[in-house]
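Q: I'm new to protein structures and would like to learn how to read one. Could you take me through it a feature at a time?

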Amino acid sequence: MSQYETRIKYPAGIPIERVIDVGISAPRLYPLTNELRAGLDLIHERALRTSYDLTKFSAQASVDLTRRRPVTAGIVYEVGYQELTVGARSIEDVLAGIDQRIFRLPPGTMLFGSLRPMALLDLRDDPARPRSGILLQLGGDYQRSFTGIETANDTDEGRHIVHVNLFKVQGLLAAYVPLPSLASIVLSARGGRVFQLDDQSRTPGDRRFYLGGATSLRGFHEDGLQPQDLIDQLHAQVRACEATLTDLACTPKAQLLAAGGTSDGGDQFVAFSAELRLPFTQSFELAMFWDAGNLWRTPVNLFGRDETGRRYFVLRHAVGTGLRWLTPIGRMAIDIGFNLSPDAVLGEPAWGPYFSIEPI
């Protein structure tokens, strides 16, 4: 019988996530203008995800509008060095069909620059406890590596040097509909896409989109939704493993897939949500929700069909209920989500508990 790995294997060294940010800010760019503020930060980040591990050292400069509502806009430029390694539960080598030491998810080192514009329109009646209005948020990220290669076989001191030249864009639209007795309905739509600006560019793990968990698709593992355009390949890999009499022909990654291994993300996503909020005290609300969305590794025309005639636009669905607690630091959410069509082959759960702070 196969012994599936279901725990995260942390890398050697110091397995502690951390963000160290030392910065200086000017609330007003006086005497130039009182409408802008600026900041300069030195950042060190160590992130341990189930699909990748990231170590980063960077400096960033930011400028944004001082007026907070209803319009906020700003721009950040970050320059730095990062090292990206593939997590112990990555499935990239399975999909590539090559040696376990070589990955399609670009691991390695990179000197990079990242330009990130952002705009926010907040027309809600009360940001702390909104019942009516609209929230619109748009963000972009133009990232380019300063040192890179055009083939994945060249190395520098035994490590891959990642080549990145991409533009990532994503947006959020949320509408709040008031109901009697301080109840409300929240409708939201999110989407995003990565555009590769040359043929050699690949999206590193920390710039990909992920779905699943407390802030996207409740009812799925955190960041666990597999890209829709890779489902057939993933099913074939797991079924081939299950057809063997021993573990000898089963790759560890196929076992992890069957155990619900975390996704390695995609370059395109859409997500929708509808939530009914019913307050029963000054600080607590009952919530009932529906979530839907999906993820694609390679961006597609969502209104088109593949070579077999199947539509690209396929949504995964979940429903659930939970509590909202309004605290001085923001709204806290405790939910239980139910996957309406769990994929047993890929080890998707039928339900799960979730906790988040400051949901929309």
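Predicted model: local features only at pLDDT ≥ 70, side-chain atom pairs only at ≥ 80, totals over all residues.

Q: Which residue forms a salt bridge with Asp-206?

A: The general idea goes like this: side chains of opposite charge can pair when their charged atoms come close. Here, Asp-206 pairs with Arg-207, and their closest N and O atoms are 2.9 Å apart.

Q: Is Asp-206 buried or exposed?

A: To answer that you need a cut-off: buried means under 20% relative accessible area. Asp-206 has 16% relative accessibility, so it counts as buried. Arg-207 is at 9%, so it counts as buried too.

Q: How many salt bridges does the structure hold?

A: There are 17 salt bridges. One of them brings together the side chains of Glu-285 and Arg-129, at 3.5 Å from N to O. That pair links distant parts of the chain, 156 residues apart: Glu-285 is in strand β12 (residues 284-296), while Arg-129 is in the loop between β5 and β6. Both Glu-285 and Arg-129 are buried.

Q: Where do Arg-324 and Asp-335 lie?

A: Start with the bridge itself: Arg-324 and Asp-335 form a salt bridge whose closest N and O atoms are 2.7 Å apart. Arg-324 lies in strand β13 (residues 316-327) and Asp-335 in strand β14 (residues 330-339), so the pair ties together parts 11 residues apart in sequence. Both Arg-324 and Asp-335 are buried. Salt bridges can also share partners, and here that joins Arg-218, Glu-275, Arg-277, Asp-291, Arg-324 and Asp-335 into one network.

Q: OK, let's zoom out. How many helices and strands does the chain have?

A: The secondary structure comes to three helices and 15 strands. Of the 360 residues in the chain, 44% are buried. If you take the contacts with a separation of 6 or more, 65% of them are between residues 24 or more positions apart.

Q: How do strands β2 and β3 run?

A: Here's a general point about strands: in a regular strand the side chains alternate between the two faces of the sheet. Now for this pair. Strand β2 (residues 36-48) and strand β3 (residues 52-65) run antiparallel, joined by 13 bridges. With three residues between them, β2 and β3 form a hairpin.

Q: Which residues touch the most other members of the largest nonpolar core?

A: When you look for a core, look for buried nonpolar residues joined through their side chains. The largest one here has 15 residues, and Leu-211, Leu-225, Phe-269 and Leu-295 touch the most other members. Strands β5 (108-122) and β11 (268-279) each supply at least two residues of this core. A second, separate core has six residues, among them Leu-230, Ile-231, Val-238 and Leu-346.

Q: What does Phe-269 touch?

A: Leaving out residues up to four places away in sequence, the neighbours of Phe-269 include Gln-170, Arg-190, Phe-209, Leu-211, Leu-295 and Trp-296.

Q: And why does Val-238 count as buried?

A: Val-238 counts as buried because its relative accessibility is 1%. You'll find Val-238 in helix α2 (residues 231-242). Sequence distance and distance in space are separate things to read: Val-238 and Val-345 are 107 residues apart in sequence, but 7.0 Å apart in space, C-alpha to C-alpha.

Q: Where does Pro-107 lie?

A: Pro-107 is in the loop between α1 (92-96) and β5. Pro-107 has 16% relative accessibility, so it counts as buried.

Q: Does Leu-115 count as buried or partly exposed?

A: Leu-115 sits in strand β5. At 33% relative accessibility, Leu-115 counts as partly exposed.

Definitions and conventions
Residues numbered from 1 in each chain as written. Heavy atoms only, no water. Pairing = 2+ DSSP bridges. Helix = DSSP H or I, 4+ residues; strand = E, 2+ residues; numbered from the N terminus. Core = buried A, V, L, I, M, F, W, Y, C linked by side-chain atoms within 4.5 Å. Buried < 20%, exposed > 50% of the residue type's maximum accessible area, 1.4 Å probe, protein only. Contact = heavy atoms within 4.5 Å. Salt bridge = Lys/Arg side-chain N within 4 Å of Asp/Glu carboxyl O.
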